[in-house]
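Look over the sequence and the structure first, then read on.

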Amino acid sequence: MKVPLLDVNAQNIPLEAELIETFTRVLHSGRFIMGPEVEALESEVAGFVGAKHGIGVTSGTDAILLALMALKIGPGDEVLCPTFTFFATAGCISRTGATPVFVDACPVCFNIDLDDAARKITEKTKAIMPVHLFGQSAEMDAVMELAKQADLRVIEDGAQALGSRYKGRGCGTIGEFGTYSFFPSKNLGGFGDSGMLVCNDDALAERARILRMHGSKPKYFHKLVGGNFRLDPLQAALLRVKLQHYGDYTKSRQGNAEYYTEKLSTVAGVVQANAAHCCGATGQEQVLGEAKLVLPVRCDHNEHIWNQFALRVRGEGRRDALKARLIEREIGCEVYYPLTMDQQECFADTPEASRSGNEVAHQLAQEALSIPIYPELTREMQDVVVAVIAEFLAEG
Ligand SMILES: *Cc1c(COP(=O)(O)O)cnc(C)c1O
């Protein structure tokens, strides 16, 4: 049986009639830039996560860039970000002229290591950008405490964590800004590129809105140098259809994660990461011993939305071997991410101090392998994935 990593058609085609109706509505409105569809999605997403303002933008990447611009981050500034993340987090910092400072990861939740972040603060550090990687919140109490101590702005990269929660609060609503992506592989997958910025501060939201439209207010009077970061009304309208089903998508992903955990944890050589050791909670790391494969875990105070189900495959070359086996059996899988940001060629010229350390993240880049977790995945398909992994582990 073929098991893809993601099947967008399985999610979108059942909504075909509604989507076509929506397209027709937008077509007949004749309104293709900003307007009521964009505003409606902005207030629906903001309401859903628990933020005051939603600002629809072109992509998750542009949401990050816009947040940095609104906070006046630029040349001479340093911004802390996890080194184990998607490129956009670090790339946007660099594009403002600021220096990204790469921070190590927690081996349990894969998120930013706040002890390492604290060590890397200098007098130039202006902001910290936690990423809620794979759909689980970073340790936000520690982020906010550090931000308070060092007077840092906080941008939460929630591209993979729309509707995910930390101690009951929506990921993305805790810092100055939160950013989301509606790239098709994200949990709220659109029909092309798009994203959203959320914010609770009226003045900051206003600044971001102005920067979204070339920094002009009113039109042709430019207060600031901004860009064109507008979300399309057609995209917004189509996303509104899917947002109505979002709760079901999330429940289904959570059910799939539970099922994998239940089935895989009975396989010899498999352990689950121990949430008690998350983010240095006990001051020591989980002893993994002979474990060949480590399953991801949800920490008690988090609601995890499982954008990815990332395994750690231990032992030299074993991750790549399991990946090859899964692909040979027509099971989709992907390495998120094969290189950390400090290892990227484009950042080779950033100061040595911004790239130091990061041993845990380097290890994760060797071990991480994501297997299919999308909502429409069936139990039968999951059984096939589990069987292939079990067979692989039994061999060596
Ligand atoms: C996808 C993603 C982004 C970028 O979003 P786009 O909509 O693709 O521009 C940023 N950060 C993280 C962590 C992501 O996963």
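A residue is near a molecule if one of its heavy atoms lies within 4 Å of it. This model is predicted.

**The ligand site**

Which residues come nearest to the ligand? Of the 15 residues around the ligand, they are T61, D157, Q160, S181 and K186.

| Residue | Part of the residue | Distance to a ligand oxygen atom |
|---|---|---|
| G60 | polar backbone atom | 2.8 Å |
| S181 | N or O atom in the side chain | 2.6 Å |
| K186 | N or O atom in the side chain | 3.1 Å |

Taken alone, the ligand exposes 380 Å². The protein buries 93% of that.

**Strand β2**

Now turn to the strand. β2 spans residues 78-82 and is mostly covered. Five of its five residues are buried. In a regular strand, side chains alternate between the two faces of the sheet. Both faces of β2 are covered. E78, L80 and P82 are buried on one side. V79 and C81 are buried on the other.

**Its partners**

β2 pairs with two strands, β3 and β4. Strand β3 covers residues 99-103 and runs parallel to β2, with five bridges between them. There, T99 is the bridge partner of E78. Strand β4, residues 125-128, also pairs with β2 in the parallel sense, over three bridges. In β4, L80 has I128 as its bridge partner.

Methods. Residues numbered from 1 in each chain as written. Predicted model: local features only at pLDDT ≥ 70, side-chain atom pairs only at ≥ 80, totals over all residues. Heavy atoms only, no water. Buried < 20%, exposed > 50% of the residue type's maximum accessible area, 1.4 Å probe, protein only. Helix = DSSP H or I, 4+ residues; strand = E, 2+ residues; numbered from the N terminus. Pairing = 2+ DSSP bridges. Polar contact = N/O pair within 3.5 Å; in protein donor to acceptor, adjacent residues only side chain to side chain. Areas by Shrake-Rupley, 256 points an atom, 1.4 Å probe, with all protein chains shown as cover.
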